[in-house]
Every structure is written in C-alpha cells, then in structure tokens.
Amino acid sequence: MVYHNLKSLIKGIRACKTVADERALIQQESAAIRASFREEDSYQRHNNVAKLLYIHMLGSPAHFGQIECLKLVASPRFSDKRLGYLGIMLLLDENQEVLTLVTNSLKNDMNHSNMYAVGLALCTFANIASEEMSRDLANEIEKLLGSSNTYIRKKAALCALRVIKKVPDLTDHFVTKAKNLLTDRNHGVLLSSITLVTEMCQMDPGILEEFRNAVSLLVRNLKSLVTTGYSPEHDVSGITDPFLQVKILRLMRLLGKGDQQASETMNDILAQVATNTDSTKNVGNSILYETVLTVLEIEADTGLRVMAINILGKFLSNRDNNIRYVALNTLNKVVSMDTNAVQRHRNIILDCLRDGDISIRRRALELSYALINEQNVRVLIRELLAFLEVADDEFKLGMTTQVCLAAERFAPNKRWHIDTVLRVLKLAGNFVREEILSAFIRLVAHTPELQAYTTSKLYAALKSDISQESLTLAATWIIGEYSEVLLEGGFVDEETPKPASDKELVELLISVIDSPYSNYLTKQFVLAAVTKISSRSTTTHFEQERIQELLAKYTTSPELELQQRAVEFASLFNLGDLREGVLERMPPPELKATVMGVVSENKPVGSTRSKDGDLLGDDVASTSVSEASSVQRNQDLLADIFGTSSTTPATASPAPSRQATIDNILDLFGSSTTITPSSSTSPPPPTAAPAPSAFTLVQTQSPPPQPPAPKLTAYTAYEKNELKITLTPQTNAAKPGVVMILARFQVTGGNAASGINFQAAVPKSQQLQMLPMSNPILNPGAVETQQMRVIAPAGSNVRLRLRISYSIVGQNFQDQVDFSGFPPGLTSGSA
C-alpha cells in the first residue's frame, strides 16, 4: 500500500498490531520513498521528506534523504525551505562531509528578503555549524547582529554564541556588536545578547574587564523588570520575564566577582530583588536562588550576605524537595563564609535529617558536621546520635568518623568524649574505622581516672550485645588490659559500685570467642586479653587453668595466626615471674596529632574548662581549641583513613578569629611578630570587626618576616625552568627537634612566574606546619618567602618531599623532588 502523505502514513503505522508489522510497513514505505527520489518528482519530494523525517523519529534509518533535504532548501517556496532545513538539522551533524554543501544555501538565505527565511537559516546554523562553517559565515552573522529587525538580531546573537564556542579566536569580532545589543529594549534580543556576553566573559578575562562598565546598564534593566507593572506579554505567574531576570543576575555575578566597585553598584538592586520577589511560587524562588548565588559570589556587604543566607534558610521550610535540596547544597558551600548566619537555621537543618528523601538527608548531614563548635557540640552530637540509630547503613561509616572527629575537636571534657564514643560503638559498632578505634583506646590509656568507669561501661555493653565488631574489639582489649582495676573497684555504677569477679570476665570473653559473630581478628584480641587477665594478681588459680585450657584448644587451630598466638601465650605459663613482666600493662601510646589524640588527652576529666596545648603540643596554654590545629588533625586523620602513605602532607591552616587562638598559633611558629596562618590558595576576606582578628591581620602581613638569626646557611632545594627555591633552616637549642625553615623563591630569568603552589611532606615520624606563601606571583628580581616548621625526633635527619607547580609565559610546570641536603644533627638544636 502506498501512503501519499504524512497523515496517511501515521494512520497506517498506528494501525499495526505488532512491532514486526510496523517494521515491515516502514521498510516497505522507505523503499517506495527511495524509488520516488530516483524519479526526481519535485512535487512529491516535500511529502516524501516529511514521511522520511517521521520514520527517522521512530528510530529507523533515513540517511538516504540528506541530499533531498538540500534540494528542498534550494527551492524558492518557503514551505519547502522550512522542511528542508528541519531535515538538515535532524539528519546531519557537524561531522558529516555533506554539511559543506549547506554553507552556500545558508549564506544565500541569510541575505534573503523574507525575514522568516533568514530566521530558518540562522536557526539551522546555530544547531549544526562546524568550525569551518563558523569561519566562513562569521561575517554574515556579524552583519545580521546590526539588523533593524529584532527577530533577526535575536537569532543572530545565538548564532554568534555558536561561532565563539566553535572558534574562540573570533570572539573579538562580536564585542562591539554585543555592547550595542545590551542597550536593546526588546526582551528577546536582551535575553540572547546577555547569553552571548556571559559566554564571552567566561572565555576571556580581558573581555570580562571590558564589560565591567556595563554593570550600571544591567542594574537599570533589572530595576525596570522588578518595578514595572503588569506586562501581559512577559508575565509568568505574576513576575515580569523571570528568564531575563535570571540571565541578568548570572552576568552580574560574573562582573561583580572580585570587583568592589561593581559590587557596590549592584548591592541596592540585589537587596530590592531579594525583598520584593514573591517566594510563594516556583518562578519567584528561581529568581531568589539566583540572587542568593550572586550575592555570595560578589564582594557584597555583610548585611546582604546575611539576607542571602536567611533566604536559603527560608527555602528549607518549603515543601518542594528540589528547593530544599538546592538550599542545603548552597549552605554547605557558604557555611565557612558566615558560620554564625547559618547557625541561626540549625534547628530546621536538623529537621531535614528526618526527611524521607535520602539526598536531602545526606546534604543535611554534611551541613550538620560543619555547624558543630564548642558551644553547640552537646546538642548537635545528641541529634546526630539519634539519627545514627535509624540511619541507613550507607551513612553509618561516615557518620561514626565525623561524630568521633567532632568529639575529639570540641569535647568539653574526657568523660563526655568517652561516653560519646561508647554510644557510637553501641549504635554502629560494625561501621567504625580502625583509626577511630585505636584513638579511643589511646584516649582511655591516657585517662587513668576513667579507666574503671570505661571498663565497666564496655563490660555492660558487651554483655548485652556482642554483634558489634568494634565494640567487641574495644571492650576485649580494655577488659584484658585493665581487668585488675575492675576486679579491685567493682563495676562502677552511677550510684554504688557492684562487685566484679574474674569468673564473669573470663566467661564473657569465652562467650565472645565462641559466638557466631566472632571473626579472625576478634579471636586474636580475645586470646591476648585472657592471657593478660591470667597474669594479674586478682585472677584466681581456677580461672588461670580455664584460660590455659582455652589456649591449649587453639594450639591446634587450622588458622596459622591463632595457632601461633595460642602456642606462644601457652608457653608463657612456664616462665614463672617472667610471664608477669611480659604481660604487664602496656604504657600509654605516644600522643600523635594525626588521629584523635592531643586535644582530648590534654582536656580535664570532668570539668567543662579546656586545657589545650598549642598545635603540636610543645607548650600547654589555657586557651580554647585552635581551629587551625583541628583542621590539620582532621586532614591527617583522613589521610590515614583513606590511604596510609609514607609521608605526611602539610598544608596551611585556615585562620581562626579569636585573639587567644592567634596567640596560640604565634607560639606554634615561635615568632614574636604578628603572623597569621591562612589558606595558601584562597585567603579569607577581611572582616569589618574593630577588634584584632586573624582576618584583619592577614592584610598587614607582607611577606612573613624571616627569623632574625645571623649566619644562616641557605640550601638550594630546586633550580629548574627559571625558578630557584632555597631553604634556610634555623634551630633553637632550647627546643631540640624543632626546626624553622624559611623557603625563598626567585626567578632566574626575565619572565615572571605565576600560580606558584608549593607543597611539602615529611616522614610519618615527623610533623610539619606551613604558613601561606607571601605572594603566589613572582616577578623578576623579587624574592617571595614561605615559613615552615618541622618537629622531628632529636638527632634525626630532616627529609622533605617537595611538590612545586607554577606557570611561566603561559607554560605550566609541575615537579616533585626529594630534599635531604640539611646537615646532620640539625634536630639536636645546633644552628
């Protein structure tokens, strides 16, 4: 059956009962169309191409109609041109050779007297133009940008956008025309021209500077949109042209970033948009969201930033999940910018933890971690633990790590810290990292006042639940280590101690090793624990024999590690008094700044007053916890958690805001001059607070002063690609093992080096702290500096692994070198 037009073909295809019938009909019709094309029937060509495009939309091959589309485009009839260009857009792409045949037709139609024919050509060009076609027709597009017809100008602007994306070198050709288009009164032209200008500014910083002067024009356009009355032509849900408003806000965001003057020009209109836009409808929310992003991106004043964060807080109470999600996502990005403003919305953020949408719960969880500080740690940890009890398994591993990190950083005292970790072990003991577990054991070892309390709590927890692996491991280790404390003092209860017997302890551990939850590691812990219990004076002879029987049972274990342990532990029973010496209580592990250690070990047992040392624990001072030290410890902990390496990377810490913390950090770097560590890649903005703060001190530092020591030797660590780096060490006899290192950067050629990023790492046995570089841009003849501090065991050699990345004359370099050129004995205190 032959279908004479598209309508009859659609009816025939819809009448097919099966897919096979439909496929057969399409094959039959495709063959008929091919035959008709060969007859060169100009009257049937239109119908055949229309049917072929429908067949193409159904997923069947239609490439044989490409040339016929070109013939339709050459027709003088508008209906033929329209169908031909539609076929070209559907059947061709920029990579096909046939496209070169289209260029001449497009050029002819761009000069057509009918504006709709010109529009067809422009629309086709914007969809399929290749790099070669863009170069050929760029002049035509530029000419049409100056057309008196708004319909053509609008489409030409979008074609110019296609040209600069394909050929960025041609961007300069359209700058002048684009400036003129920004003054257009037609909304369609404005919309397309702002899209063009936005792309040009993103591609070329030089063009961005040229368009800075257009800020006042954009402000006027946005103000007219906000204050205008009802306009039926552009009204969407009561708001005038929200699409144009969003485009203007995005361009203002680009132009105001890093420019104080442009930002000041925008402040008033942004405040007006934020306060006058209706937030009850989605259209208004989209404008408010773009306004918030613009305010947070430009150099806006503090009040405007707070207003933006309050708008995000208001979004959190919206019933639309998408709006809540974008609000949480944005708050996660700005929480470091203004933590106090975000803190005001803490309760509603915590409510999002109970949301049915898992993506919202995840974002709310990430934001909750960032909000924890010394003042609200008890409330937020309590809420997070309540959520941990009902959280999905995929959340638990990250939650246990973050909760324990927060407890380590902000715990008011050791008792609260231990209780928090115990709660985590009870709720999600199968999702606790090994590093968290070892840090908890170290904390208990350094807190003799709470060893009886902790052992009692772990005993009770293990007795009620032996299915949580980390709880089992922690309880087994601590019961084995401190069993005599438990047996002598009894189980510590909130009211009165209850007597404990060695029989109860041994039976509990035997039940653990025999349980179906017991794995390879758990059995190793239990064997070590019962062996230690057997050597304590509080253990009766009968229980010692039970332990010997248990060890004898495992001397024939098929698992080699268990068998070896059991044989070695059993042989200790024949060593008499020597056994007690071998199995005596382990000394408290060495304090480390990498895992949860230094802060908690130096806190009081039950008081809410903190007693923290400086970042590396050299001196003890009565100050609050240093934010910089906490961030460094977190980085080191995460490095340990996500992959142990032989080196410990060090980066510059963010600057805290309180004077006490500044003094703490100054003590760290051993300098009497005011130096504030800050991020070497993105220094924080200055604040307007009159009191001295880390943010204001950063502005007065240029560059970090060198340690005042005579006759210091500089050692060349790197000299390549016109960049030279020397390291000058300085030591203090009063502090052996502490080495201050001043890195000096110079360019040996006549070209400046920019984007310098200097990273250093030391072996695990050493610790490293760094200040930010004085200036990442290094001009010829100038010397920039960066301070480092290394803590190493006295007498050891200082070894550094350096990673340097920089750019000279547009060429990027990245190198990694190992440096061990410092003289031996440097850490003994000799200069």
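1. Let's start at M57, an exposed residue with a relative accessible area of 61%. Here, buried means under 20% relative accessible area, exposed means over 50%, and partly exposed lies in between, using a 1.4 Å probe and protein chains only. M57 belongs to helix 3, residues 42-57. Helices (H or I, at least four residues) and strands (E, at least two) are DSSP runs, numbered from the N terminus.

2. Before going on, a word on the source: this is a predicted model, where local features need pLDDT of at least 70, side-chain atom pairs count only at pLDDT 80 or more, and totals for chains, interfaces and linings use all residues. Residues are numbered from 1 along each chain as its sequence is written, and side-chain values use heavy atoms, with hydrogens and water left out.

3. Back to M57: together with L86 and L90, M57 makes a nonpolar surface patch of about 290 Å². Patches consist of residues with over 30% relative accessible area and no salt bridge; like charges are joined within 9 Å, and nonpolar side chains (Val, Leu, Ile, Met, Phe, Trp, Tyr) within 5 Å. A salt bridge is a side-chain nitrogen of Lys or Arg within 4 Å of a carboxyl oxygen of Asp or Glu. The areas come from the Shrake-Rupley method with a 1.4 Å probe, and for residues only the protein chains shown count as cover.

4. Now look inside, at helix 14, residues 242-256, where you will find G256. G256 is buried, with a relative accessible area of 0%.

5. Which residue has a positive phi of about 55° although it is not a glycine? That is S237, placed in the loop between strand 1 (235-236) and strand 2 (239-240). S237 is partly exposed, at 39% relative accessibility.

6. E722, a residue other than glycine, has a positive phi near 70°. You can find E722 in the loop between strand 6 (715-720) and strand 7 (723-731). With a relative accessible area of 31%, E722 is partly exposed.
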